[in-house]
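Please work through each task before reading its solution.

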Amino acid sequence: MSGPTLGNPKNTIEILQKYNFSFQKKFGQNFLIDTHVLDKIIKAANITKDDLVLEIGPGIGTMTQYLAEAAGKVIAVEIDKNLIPILADTLGEYENVQVINEDVLKLDIRALTERENGGRPIKIVANLPYYITTPIIMGLFEEHVPMESITVMVQKEVADRMQSGPGSKDYGALSLAVQYYASPYIVANVPPNCFMPRPKVGSAVIQLRKHEHPPVSVKNEKFLFHIIRASFNQRRKTLANGLNNSGQFSLPKDKITEGIERLGKGAGVRGEALKLEEFAKLADYLWEQIQEGSGP
Ligand code: SAM
């Protein structure tokens with residue numbers, strides 16, 4: 001046997017039957033059965049033999065086989081213990097693959113990168129479990145995991161949110177967080193029939209190329225994200241009311257309004273109209289007011 005052998009319905013069904021595997025909905029298991037999509041993901045991820053690739057949720061190892069062919073080393077983290085014997089079978093011939101049976105949200109990926117790659121940036125490639133897409137991606141960014149890019153399959157709607165800008169209905173806290181850390185680019189749209197079982201929603205492969213430095217610099221990064229989250233928590237309220245009601249910090253409303261007016265915006269402006277640079281200015285102003293003790 002040589003080269004990837006999965007990625008089509010026949011071989012996938014064969015291996016699932018051999019191990020009497022039943023899909024677990026709670027783990028977001030939708031396995032890829034389309035080699036064209038796999039080729040696109042691998043090409044976009046631009047992997048070389050110098051790369052350490054982290055794959056989140058290898059499933060039966062379909063994409064892992066492709067990654068192992070291209071990368072120096074692949075670490076694949078899979079939560080479902082029933083998949084571990086299957087992975088031992090499908091990945092048996094690859095000496096450069098390590099499978100870790102763990103919940104990725106509980107794993108210290110930064111420490112893993114340090115240990116396995118001497119702190120050099122890794123590449124992350126995955127067909128993500130959709131129920132935890134946002135915590136996985138935000139965790140990687142917020143923990144400052146050294147990485148070059150994240151190339152992942154996500155729900156189409158989530159991909160749209162990640163790459164949209166002010167004024168769009170999809171624009172929100174996730175767009176701003178992702179764009180603070182990376183440049184998003186949609187690689188491909190993927191219909192439900194490329195998976196087994198078929199998900200109810202459309203999917204997309206998105207690549208997030210990490211910025212060397214964030215496009216804005218702020219006095220307090222955590223506070224910027226408090227402000228952003230608070231601004232979108234109550235989408236139908238004005239920004240001033242949303243921030244005032246958020247309970248995230250205690251500043252009199254006139255200080256909040258002042259901060260918004262300093263951006264040249266009217267009192268009725270909503271969060272969805274502000275660019276990242278404007279959120280950064282607002283956050284810095286409000287942070288200064290808090291530091292100066294302008295609280296009530
Ligand atoms: N990579 C495979 C493919 O493309 O066919 C499977 C992708 S499937 C959408 C998501 C995979 O993530 C499943 O194998 C699932 O068991 C695994 N998974 C779900 N939650 C996880 C978690 N918290 N940590 C690690 N793996 C998880």
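**Exercise 1.** Locate Asn-20 relative to helix 1 and strand 1, and describe its phi angle.

*Solution.* Asn-20 belongs to the loop that runs between helix 1 (9–18) and strand 1; helices (H or I, at least four residues) and strands (E, at least two) are DSSP runs, numbered from the N terminus. Next, its phi is positive, about 55°, although Asn-20 is not a glycine. Most residues other than glycine have a negative phi. The model is predicted: local features need pLDDT of at least 70, side-chain atom pairs count only at pLDDT 80 or more, and totals for chains, interfaces and linings use all residues. Residues are numbered from 1 along each chain as its sequence is written, and side-chain values use heavy atoms, with hydrogens and water left out.

**Exercise 2.** Describe the surroundings of the ligand by residue class and by polar contact.

*Solution.* First, 23 residues surround the ligand, each having a heavy atom within 4 Å of it. The closest are Leu-32, Gly-57, Glu-78, Asn-127 and Tyr-131. By class, the shell has twelve nonpolar, six polar and five charged residues; Ala, Val, Leu, Ile, Met, Phe, Trp, Tyr, Cys and Pro count as nonpolar, Asp, Glu, Lys and Arg as charged, and the others, Gly among them, as polar.

Then consider the N and O atom pairs within 3.5 Å. An oxygen atom of the ligand lies 2.8 Å from a backbone N or O atom of Leu-32. A ligand nitrogen is 3.3 Å from a polar backbone atom of Ile-79, and a ligand nitrogen is 2.8 Å from a side-chain N or O atom of Asp-103.

**Exercise 3.** Characterise the link between Glu-157 and Arg-161.

*Solution.* Their side chains form a salt bridge at 3.2 Å, N to O (a side-chain nitrogen of Lys or Arg within 4 Å of a carboxyl oxygen of Asp or Glu). Both residues lie in helix 7 (residues 156–163), four residues apart, about one turn of the helix.

Notes. Polar contact = N/O pair within 3.5 Å; in protein donor to acceptor, adjacent residues only side chain to side chain.
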